[in-house]
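Work through the exercises below with the model in view. Try each task before reading its solution.

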Amino acid sequence: MPNYTADICDEHSKKTSVLGAGYKNYGGADNCQGQIVTVKLQKNNSALIKLLRDEDGTGKVVVVDVDKEYYAVVGENLMKFAHQNNYSGIIVNGYIRDTYQIKDIPVVLYALGTCPRKYIPVTEGERDITLRFGGIDFNNDEYLYADGDGVIVCAKKIV
């Protein structure tokens, strides 16, 4: 899938939204595509753990909003769950950890940066809602493409 997002943007500019600057891929895969599953977290990642550990992710990308709170919401264990359940990627409006351990797990992981601590008290998360960050909306069941050039969202699968 090299140059995929750039080609899609060139051919379908009116159908694509591009995630704003500042997000970096920390995962072991260079690219991904899939149907969006949204999760809104309140610092703690327990709702995300349940999703990645317990549900089949074939053909899906998880988009997580934690309002840029400075706590890690994805690390080695969640990346292993994502890989075991066939998720192709995770996009986080927040922070991650365990970068050394996750660099070889073949799942895309875009995030704002790293933070070594996680939020311990369990809080509730929300699933399947519209998320807005990085200048775009992420809606459940829309389609996401990501590669070295960035992350784009389309209402429907284009490629």
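**Exercise 1. Against which elements do the buried residues of α2 pack?**

Solution. Start with the ground rules. This is a predicted model, where local features need pLDDT of at least 70, side-chain atom pairs count only at pLDDT 80 or more, and totals for chains, interfaces and linings use all residues. Residues are numbered from 1 along each chain as its sequence is written, and side-chain values use heavy atoms, with hydrogens and water left out.

Step 1: Helices (H or I, at least four residues) and strands (E, at least two) are DSSP runs, numbered from the N terminus. Buried means under 20% relative accessible area, exposed over 50%, and partly exposed in between (1.4 Å probe, protein chains only). Contact means heavy atoms within 4.5 Å.

Step 2: list the buried residues of α2. They are Ser46, Ala47, Leu48, Leu51 and Leu52.

Step 3: find their partners. These residues pack against β3, β4, β5, α3, β6 and β10 (126–127).

**Exercise 2. Describe the overall build of the protein.**

Solution. Step 1: count the elements. The protein has four helices and 14 strands.

Step 1: take the extent. The C-alpha trace spans about 45 × 30 × 30 Å along its principal axes.

Step 2: Of the 159 residues, 47% are buried. Among contacts with a separation of 6 or more, 74% join residues 24 or more positions apart.

**Exercise 3. Which residues have the most contacts inside the largest nonpolar core?**

Solution. Step 1: define the core. A nonpolar core is a set of buried Ala, Val, Leu, Ile, Met, Phe, Trp, Tyr and Cys residues joined through side-chain atoms within 4.5 Å. In soluble globular proteins, nonpolar side chains tend to be buried together.

Step 1: The largest core has 25 residues, and Leu48, Val74, Ile90 and Val92 have the most contacts inside it.

Step 2: trace the contributors. Elements giving two or more residues include β3 (32–40), α2 (46–54), β4 (60–65) and α3 (76–84). The top contributor is α2, with four residues.

Step 3: zoom in on Ile90. Leaving out residues up to four places away in sequence, Ile90 touches Leu52, Val61, Val62, Val64, Val74, Met79, Ala82, Val108, Leu109 and Tyr110.

Step 4: look beyond this core. A second, separate core has 18 residues, including Ala29, Val63, Ile136 and Ala146.

**Exercise 4. Is Asn93 buried or exposed?**

Solution. Asn93 is in strand β6.

Step 1: read its accessibility. Asn93 has a relative accessible area of 3%, so this residue is buried.

Step 2: list its neighbours. Not counting residues up to four places away in sequence, Asn93 touches Tyr23, Val64, Asp65, Val66, Asp67, Lys68, Leu112 and Phe133.

**Exercise 5. Is Val122 buried or exposed?**

Solution. Val122 sits in the loop between β9 (113–114) and β10.

Step 1: apply the cut-off. Its relative accessibility is 63%, so Val122 counts as exposed.

Step 2: find the contacts. Val122 touches Asn44 and Ser46, again not counting residues up to four places away in sequence.

**Exercise 6. What is the phi of Asp128 near?**

Solution. Step 1: read the angle. Phi of Asp128 is near 60 degrees, a positive value in a residue other than glycine.

Step 1: Asp128 lies in the loop between β10 and β11 (131–133).

Step 2: check its cover. At 42% relative accessibility, Asp128 counts as partly exposed.
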